[in-house]
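Colleague: I'd like to learn how to read a protein model, one feature at a time. Can we go through one together?

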Amino acid sequence: MPPVTARPDRAVDVILRDGTTLRLRQPQPPDGDALLSFFSELSPESLHSRFHGGTRIDRSLVEHLLSQSEDRDALVAIVGDGAATRIVALAEFARLRDPAVAEVAFAVADELQGRGVGTRLLEQLAARAGAVGVERFVAQVLPENRAMLGVFADAGFDVARELGGGEVEVRFPIAATDSYRARVDERDHIAVAASLRPFFAPASVAVVGASRRRGSIGGELFRNILAADFAGATYPINRSGEPVAGVAAYRSLADIPVPVDLAVICLPSGQVLDAAEAAIAAGVRALCVISSGFAEIGPEGAERQGQLLALVRSRGGRLVGPNCLGLAVPSIGLNATFAPRALPPGRIAFSSQSGALGLALLEKATERNLGFSAFVSIGNKADVSSNDLLEWWEDDDQTDLVLLYLESFGNPRKFARLARRVARRKPILALKAGTTSAGQRAASSHTAALAGSEAAVDALFRQAGVLRARTLEELVDATALLSSQPLPAGRRTAVATNAGGLGILCADACEAAGLELPELSEETRRQLREALPVDASVANPIDLLGSATASAYETALPLLLADPAIDSVIALFVPPVVATAEDVAAAIDGVARSADKPVLAVVVSAEGIPTALRRPETAAAAFTYPESAGRALALAVERAEWLRREAGSFLALDGVDVRAAREAVDAALVGSDERWLKPEEIRTLLGAYGIPLVPEETVAAVDDAVAAARRLGFPVVVKTAAAGAHKTETGGVAVELASEDDVRAAATRIGPPLLVQPMIAGGIELLVGVVQDPVFGPLVAVGPGGVLAELIGDARFAVAPLTDVDALELVRAGKAGRLISGFRGRPPADAGALVELVQRLSHLAEDLPEVSELDLNPVIALSEGCVAVDARVRLRRTTPRDRLKTW
């Protein structure tokens, strides 16, 4: 379950440190009696801590909680559902005279105190308050209320305390700083891992809907658990209580005499809710729902899925599915899937949003002798998602590599932070589908026109260190390589082949993937000449000739691996009449056993990959085609380079006035839901974030333009000041105007209102911009600028927020990076100034989601500094709900 921020109009579920879930929502008018009951059930000590003295529990105590506004808001924690709903905690804030400050208060049922409820409420309340402009919280706490003082101290905020009048006044800013995010992430990690333990380490499993009839989903799934020799106890549940596969069955979970950790439900969708309720009532906290007929079928199914999720979460449980294949943990013999065969044990964890594709990958992986530590088919991912699974696999000592098949992102920002953390320890390989038609929307700015879901996914994965495979074959190939080989030290590879054409294909594939085939050292070439036939080529690729046998590979490969100019070796072989595929495969594998560099083997044979390269103990990574080897090696290089990259940090910037920018945006949207800003409004907004802008004057007449040009100094630029105009396309710009007559003619042609700017000579024209993606949030772009920005393309994107390293990589990437570095003898531009500009735009986009599109085009990058000479900003109204950050 992605731990997200509570929206004003919906409930949010949080996970406590013991792994149980708790539902939070705003109090509603019908909650008056439940609130009174909550206060009545508090102990005298808890009431005293909340109200600092005696208080009368009557309607007046709760009336103000039943309606909310931007000045006052509250959250309650509830357990149960329907008539059994019970309020177990309350948090509220109220603005003080200073609208940036709000007072907060909390109360938690006695039986839940000490489990982290107050901390989770504080996290959500701070996010809600921040979304409506509150900047600081203040609370009055009794000195003896150490638990509440601990909540404030440990939350991650910068807390100040002052004792006076018998109370401790606690004050702290509620902005989500790096240190605060880190503390929330730490709490999430502990809580999520605890909540998933019953799925990955159950002592007992019940299969609800396990039929004795062969071919039924429930019956076959139960038999799969038995066949895999599950280390725990397994119980079939069916209405008749008939034994399944010789195992005594029960009519309900309540009849099982021992606690059940995991319930797998295989029933028609209309029966799932009752079965889930019975499971939770029996004490089960982990449910895997195989059944289809939920959100994937439309509104009716989506409503059913919502009811199922609400039931599970309101009782403190977790849910895998619905509409899934199940889950497997081979190390404990758990195969709670209806796959045709059990997974081989190994150290690869796999999460798939598609059951069918998951089966396909498992089949292909089995062919390559790849083993798994776990497989989870998340289906509709109503609750447990890939984010949750990453939390578990991060610390799982049975897992060395994580595979993800993704069709959508629930919380991409959370995914990015999690993946960035996990990828430092374990490779993450992802296959992302479903991006070709997403994100198609009207785009009026250059930045928006160049953006898209593919760009966002690539940026997200690149920043987080996730390796993106483009096909199922590539995912399996890269898995085979990363699970068996050391990481290459660089991009330099050597290719050895007994077929010249195959070597050329491999060289082309390597170059296309960004790899290099460097010249071998003179010493390596000398040794190869001495060891190989005179007709052999010792250039890279090395042609061992068609007569090469196993001994030729045993001789040549160690020499290539020993060359300091080589980081990896690809060995290619097509069986001739003089040597067998098995012999050469065994020779390649023998060399790989003592190598400290990656060794990739491509044996093109009618029998497929030779047996010598498919054994569990095989040392070389085997591939069917040279192109496959090249692409997989490129992904391994990408990982090695990412690991060498500095982690980066989110820097605080000087000269940023968020409040002034917020006021400018709010004022601009008065009476309008969407509009382009005027030049003077743009200067106010960008100036609040310290964006370097060229001096300019806005004028309403031709004579005023001439006068402005005299003040600014010739040569000048004259542009239309019409809000949102594409100036070049509409003929609304004239440059290098060196005289008053030039200015007058241009101003007359363009027509008022007009902008007059000094002409900036030299430098590099770049596009730097921001667009708000509906799924991924703000994207920051850098690319070649000027009138040909969209034609040249190659803008690179990064998902905000950006670390300093993210910003530097964005500035150095692609064609823009080549221009900035000094293209064809031109002096390099000030990369540091551009990095700062990118970070300032990242902060602006984070703080102001109303900025839907922003173009600085062009930005003139100079040898010292940079300056934006044209800007277009489009605003779109948001609500407090939209401004809640699901980071």
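Colleague: Let me start with a loop residue. Where does A245 lie?

Modeller: A245 sits in the loop between β10 and β11 (262–265). Keep in mind that this is a predicted model.

Colleague: What is the phi of A245 like, positive or negative?

Modeller: General idea to begin with: most residues other than glycine have a negative phi. Now the case here: A245 is not a glycine, yet its phi is positive, about 55°. A245 counts as partly exposed, at 45% relative accessibility.

Colleague: And D229, where is that one?

Modeller: D229 is in the loop between α7 (217–227) and β10 (233–237). D229 is another non-glycine with a positive phi, of about 65°. With 62% relative accessibility, D229 counts as exposed, because the cut-off for exposed is over 50%.

Colleague: Next, peptide bonds. Which residues does a cis peptide bond join here?

Modeller: As a rule, most peptide bonds are trans. In this model, N540 and P541 are joined by a cis one, with omega about 15°. P541 belongs to the loop between α17 (522–531) and β22 (542–543). There's also a cis bond between F714 and P715, where omega is about -5°. You'll find P715 in the loop between α23 (702–712) and β28.

Colleague: Now a helix. Which residues of α27 are buried?

Modeller: The idea goes like this: an α-helix has 3.6 residues a turn, so residues three or four places apart point the same way. In helix α27 (residues 814–822), the buried residues are A816, G817 and I820. They cover an arc of only 100° around the axis, which puts them on the same side of α27. On the other side of α27, R818 and S821 are exposed.

Colleague: On to charges. How many salt bridges does a search of the whole structure find?

Modeller: Side chains of opposite charge can pair when their charged atoms come close. The search finds 69 salt bridges in the whole structure. Take R631 and E474, whose side chains meet at 3.6 Å, N to O. R631 is in helix α20 (residues 626–644) and E474 in helix α15 (residues 472–482), so this pair ties together parts that are 157 residues apart in sequence. R631 is partly exposed, at 34% relative accessibility, while E474 is buried, at 11%.

Colleague: Which residue forms a salt bridge with R645?

Modeller: That's D806, and the closest N and O atoms are 2.4 Å apart. R645 lies in the loop between α20 and α21 (658–668) and D806 in helix α26, so parts 161 residues apart in sequence are tied together. R645 is buried, with a relative accessible area of 10%, and D806 is buried at 3%.

Colleague: What about K719, which residue does its side chain meet?

Modeller: K719 meets D870 in a salt bridge of 3.1 Å, N to O. The two are 151 residues apart: K719 is in strand β28 (residues 716–720), and D870 is in the loop between β35 (866–868) and β36 (871–876). K719 counts as buried at 5% relative accessibility, and D870 is buried at 12%.

Colleague: Which residues are linked in a network of salt bridges?

Modeller: Look for R120, E123, D185, R187, D188, K414 and R417.

Definitions and conventions
Residues numbered from 1 in each chain as written. Predicted model: local features only at pLDDT ≥ 70, side-chain atom pairs only at ≥ 80, totals over all residues. Heavy atoms only, no water. Buried < 20%, exposed > 50% of the residue type's maximum accessible area, 1.4 Å probe, protein only. Helix = DSSP H or I, 4+ residues; strand = E, 2+ residues; numbered from the N terminus. Arc of directions from axis to C-beta. Salt bridge = Lys/Arg side-chain N within 4 Å of Asp/Glu carboxyl O.
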